[in-house]
Amino acid sequence: MVDATPKMKPIWFFVGLILLSMGLVILLAGLYILYVHPLNSVMILFPRNPESWLGFNIVVKMGPPRSTVLASLHPDIWWGGFMVLAGAIFFLAGRKSTADKAD
Amino acid sequence: MPAIGLTIVDWVIILIYFAFVLGIGIYLKRFTRSEEDFFLAGRKNSSWVAGLAFLSANLGALELMGMAGNTFKYGMYVAHFYWIGAIPAMLFLGIYMMPFYYSSRIKSIPGYLKLRFDEKTRVLNGFSFAAMTLLVSGINLYAMALVLHTFLGWNWDVSLWASALTVAVYVTLSGLMSAIFTEIIQFFLIWFGLFLVSVLGLVEIGSWDEILRRVPEGFAKLWSNSGDPTQNGMLITWGGIVLGLGFVLSFGYWTTDFLVVQRAFSARNLRSARMTPILASFFKMAVPFLVILCGLIALALSRDPHSGFHLMSDAGKVNYDSALPMLIGRYLPPGLVGLGITALLAGFMAGQAGNISAFNTVWTYDIYHSVINKKASPQHLLWMGRAATIVGILLSVGTAYWAKSMPTIMDYMQTIFSWVNAPLFATMLLGMYVKWVTPDGAFWGLIVGMSSSITMYLGVKFHWISTRLITLSDVSSDMAANFWRAWWAWLICFLVTILISLFTKRKTDEELTGLVKGLTPKPAEAGIRWYRRPAFYAVISLIVLIILNLYFW
């Protein structure tokens, strides 16, 4: 007889997924900045506007790239890579498991 | 200060986080079918899951930013909050108190007070805890909106409502379960998002020794200058640290505050519940390497005129809480700065969710079910829990607007804990270990203890009494006064409870079975090998604590 009760994925699966996806974005952005072009800053603001049905407007402002101390060490690349690695381990460990077993 | 300029990558990272927590809330809803699922996450978590959630419930962004700022203000002494001010209490909870809590199958701390004492003590604690939780939750929301407004340039109202609605959605959907899931995700995001700041700070300054060389001498020690309060940044003696922080405030918070203890109740069995705070103690001891280190790095940089680093100022007053966000802006490049901001956001939202999930449980069981509707069915209680979540969030938003109108409100947080938790710890300790302590003794002890703490606070604030009477010292800081006030409130509650118990009616041994030492069977550990027993890990934790204190003496 098939058990119809859904099996919950363990929390480690979700931890892996979020670290993997964020790490991948950070790593790829770091490589893009290093080899292609610095990224401009994008301010998203919500100034008050009583006439808008939301009560505010949504304004997007572009700015110059932001410089940081120790940027020459490219922490985004190695830290992003580290997150991908850690995320992959958690993700794979939790992928085939259920909360009852894995925890 | 101009807002930190984020790139499109940073916005994507923030968006991923919001999508994730909402998605988890929706995913977990299908597993939330009963009231026990909603309020206690089904009591099926392992000690690792419960342990990380136990720690994360306390590791909010308010704590991270506040403690980094306090390190800038007081120096290494802030590490006492993480070591002597936490670890002994967490181990005591795991080894000695958890068997009483877990074995009695209670759903909340006020629930224990009902079984051990009576209904009036339960309701008193239920109301004071609910009020404290909503206040802390509102302050948390206020602080989050302030950070988004200051560092991202967001409109204050939009920041506040966006985060409050997100938390409302996922806690309403699946209660404690989703709160625990997001707390664990927050734990990882905080470490991945903020530990890099410490690493890069160390790289820039050169070494740990160089950081200590750059900060004032009194700020670089943990105990060796605690004999004379004028010689350390916190203006406190070792007596205040040990009695006020290490004993009363710490034990009061870690062993009786339902916000953290609720996570241990979600464990699948007694061994896992006992292991919950013990495992959390190892991670707690590591937090200073993130928070204290950042505070010291900020202090060292600010004393170097060539670094270009300085904290924000509000109307000429230094904003110490800006230390951590300013370091994030200094070191983290595109993508990572989004992760750093997300770590703070996750801390705020998980803190908010923790407070709300504790509030909805205490409201539903200890106020609504206990006072208003005693015949409510389990399904009705589940509905009430969801309704209480939404109402709790709305009340928190109201508190946040109130906090906004009172700029110094955040200074009162530690004070609020000393009002509620410090006397409660005396009640709990006596309740668990002395069987002749009576319901009337506990109730009036708690009333007098809380009243004395509030009176001492008001007395000093309005100059009715000298701070010297409370701190036993000519010099003291606000923090020192908090520690000492907590100690006196605890002592007053302890003595009044004993005194009244001598003259009032006791409960019988049959009524106290399973609730008091001597009338409760010891946890069965016959089949568990010595290296898997909670006591073994507690001893290791204690040894690490001693080594850390000696190393940084």
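In the loop between β2 and α2 of chain A lies A:H74, where helices (H or I, at least four residues) and strands (E, at least two) are DSSP runs numbered from the N terminus. The structure is a predicted model, in which local features need pLDDT of at least 70, side-chain atom pairs count only at pLDDT 80 or more, and totals for chains, interfaces and linings use all residues. Residues are numbered from 1 along each chain as its sequence is written, while chains are lettered from A and ligands numbered from 1 in the order in which they are written. Although A:H74 is not a glycine, its phi is positive, at about 50 degrees. With 15 C-beta neighbours inside 10 Å, A:H74 counts as partly exposed; on this scale a residue is buried if 20 or more other C-beta atoms, placed from the backbone, lie within 10 Å of its own, exposed if 12 or fewer, and partly exposed in between. A:L70 is also located in the loop between β2 and α2 (75-95) of chain A, and this residue, again not a glycine, has a positive phi of about 65 degrees. A:L70 is partly exposed, with 16 other C-beta atoms within 10 Å.

Chain A contains three helices and two strands, which follow one another from the N terminus in the order α-β-β-α-α. Of the 103 residues in chain A, 37% are buried. Strand β1 (residues 41-45) of chain A is joined to β2(A) by five bridges, and the two run antiparallel; strands are taken to pair if DSSP finds at least two bridges between them. Within this pairing, A:M43 stands opposite A:K61 in β2(A). Strand β2 (residues 59-63) of chain A lies largely in the open, because the number of buried residues among its five is zero. A:S41, which belongs to strand β1 of chain A, is by contrast buried, with 20 other C-beta atoms within 10 Å. Leaving out residues up to four places away in sequence, A:S41 touches A:G63, A:P64, A:P65 and A:R66 in chain A, and B:G5, B:L6 and B:T7 in chain B, a contact being a pair of residues whose C-beta atoms, placed from the backbone, lie within 7 Å. The C-alpha atoms of A:S41 and A:S72, which are 31 residues apart along the chain, are separated by 19 Å. Among the contacts in chain A with a separation of 6 or more, 72% are between residues 24 or more positions apart.

Chain B has 22 helices and two strands. The radius of gyration of chain B, taken over C-alpha atoms, is 23 Å, close to the 24 Å that the globule rule gives for 553 residues, so the chain is as compact as a globular protein of that length; the rule is 2.2 Å times the number of residues to the power 0.38. Along the principal axes, the C-alpha atoms of chain B fill a box of roughly 70 × 55 × 55 Å. Buried residues make up 61% of the 553 in chain B, and residues 24 or more positions apart account for 84% of its contacts with a separation of 6 or more.

Beyond its neighbours within four places in sequence, B:F483 is in contact with B:I236, B:G240, B:I241, B:G244, B:L245 and B:L249.

Between the chains, 40 residues of chain B are in contact with 38 residues of chain A. To the side of chain B that touches chain A, α8(B) gives the most, with ten residues. The predictor gives the complex an ipTM of 0.86 and a pTM of 0.86. Helix α3(B) is mostly covered, with nine of its ten residues buried. These buried residues pack against α1 (11-35) of chain A, as well as against α8, α11 (258-265), α12 (270-286) and α15 of chain B.

Methods: Contact = placed C-beta atoms within 7 Å.
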